[in-house]
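Biologist: I am new to this model and would like to learn how to read its features one at a time. Please give the general idea, then the case.

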Amino acid sequence: MPGSSRSTYKVAVEQIPPEPPVSPTPRPNWWKRNWKWFVPLGCFSIALLFVVFVGSVVVIVFSAVKSTDVYKDALTRAKSHPAVIEALGSPVTEGFLVSGNTNVNGASGEANLAIPVSGPKGKGTIYVAAKKSLGRWDYSGLVLEIANTHQRIDLLGSSAGAHSQ
């Protein structure tokens, strides 16, 4: 009987039909596999590039205004004026957001600026109105307004001349 069970087993195995070959499912393309992370990352990258572009433009514009002679002269006068040092304390530092405009064309031009400044005792704004003629700035107004008291300090004063290089 041991021989007959072997033949039965052999017959049973031979009667099982072989499985048909399984065709592999096609792999989805790159976009279908990765769109869930690519779309948010792409949107974030575009937004980041826009912010960097706008920030660069702002830095360039403010740097251009801060490099003008009239800006530097007004700030130097404010930092060395005794009434400003008494009102704001020392050191007097300039703020970042300068407003106004400058228009210089060679030896002539005009400037109207508002320069934020601060010191240990308080904050203020330097207001500048000047015209450039024959290579020299002529100030029609140069004052510091203290933020809390709205007191104005004339930075031209009698001791400082109205002209600067």
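**Aromatic rings**

Modeller: Trp30 is partly exposed, at 42% relative accessible area. The scale is as follows: buried is under 20%, exposed is over 50%, and partly exposed is in between (1.4 Å probe, protein chains only). This is a predicted model, in which local features need pLDDT of at least 70, side-chain atom pairs count only at pLDDT 80 or more, and totals for chains, interfaces and linings use all residues. Residues are numbered from 1 along each chain as its sequence is written, and side-chain values use heavy atoms, with hydrogens and water left out.

Biologist: How many aromatic pairs does a search of the whole structure find?

Modeller: Rings of Phe, Tyr and Trp (its six-membered ring) pair if their centres lie within 6.5 Å; planes under 30 degrees apart are stacked, over 60 edge-to-face, and the rest tilted. The search of the whole structure finds five such pairs. In one of them, Trp30 and Phe38 have ring centres 5.5 Å apart and planes at 80 degrees, so the pair is edge-to-face. Trp31 and Phe38 also make an edge-to-face pair, with 5.9 Å between centres and 80 degrees between planes. Phe38 is partly exposed at 37%, and Trp31 is partly exposed at 43%. Ring pairs join Trp30, Trp31, Trp37 and Phe38 into a cluster.

Biologist: Which residues form a nonpolar patch on the surface?

Modeller: A patch is made of residues with over 30% relative accessible area and no salt bridge; nonpolar side chains (Val, Leu, Ile, Met, Phe, Trp, Tyr) are joined within 5 Å, like charges within 9 Å. A salt bridge is a side-chain nitrogen of Lys or Arg within 4 Å of a carboxyl oxygen of Asp or Glu. Accessible areas come from the Shrake-Rupley method with a 1.4 Å probe; for residues, only the protein chains shown count as cover. Here the patch takes in Trp30, Trp31, Trp35, Trp37, Phe38, Val39, Leu41, Phe44, Leu48 and Val52, and together they have about 1,000 Å² of accessible area. Trp35 belongs to helix 2 (residues 30–66); helices (H or I, at least four residues) and strands (E, at least two) are DSSP runs numbered from the N terminus.

Biologist: How many helices and strands are there in the chain?

Modeller: The chain has four helices and seven strands. From the N terminus on, they run α-α-α-α-β-β-β-β-β-β-β. Of the 165 residues, 24% count as buried.

Biologist: How should I read salt bridges, and how many does the structure hold?

Modeller: Side chains of opposite charge can pair when their charged atoms come close. The structure holds three salt bridges. Arg77 and Asp73 meet at 3.0 Å, N to O; both lie in helix 3 (residues 69–80), four residues apart, about one turn of the helix. Both Arg77 and Asp73 are buried. Glu94 and Lys79 meet at 3.4 Å, N to O. That pair links distant parts of the chain, with Glu94 in strand 1 and Lys79 in helix 3, 15 residues apart. Glu94 is partly exposed at 34%, as is Lys79 at 37%. Glu145 and Arg152 meet at 2.9 Å, N to O, and Glu145 is buried at 17%.

Biologist: What about the backbone: which residues does a cis peptide bond join?

Modeller: Most residues other than glycine have a negative phi, and most peptide bonds are trans. A cis bond joins Ser90 and Pro91, with omega about 5 degrees. Pro91 is in the loop between helix 4 (82–88) and strand 1 (93–94). Leu134 has a positive phi near 55 degrees and lies in the loop between strand 4 (122–133) and strand 5 (136–146). Leu134 is exposed at 79%. His150 has a positive phi of about 60 degrees, in the loop between strand 5 and strand 6 (152–154), and His150 is exposed at 55%.
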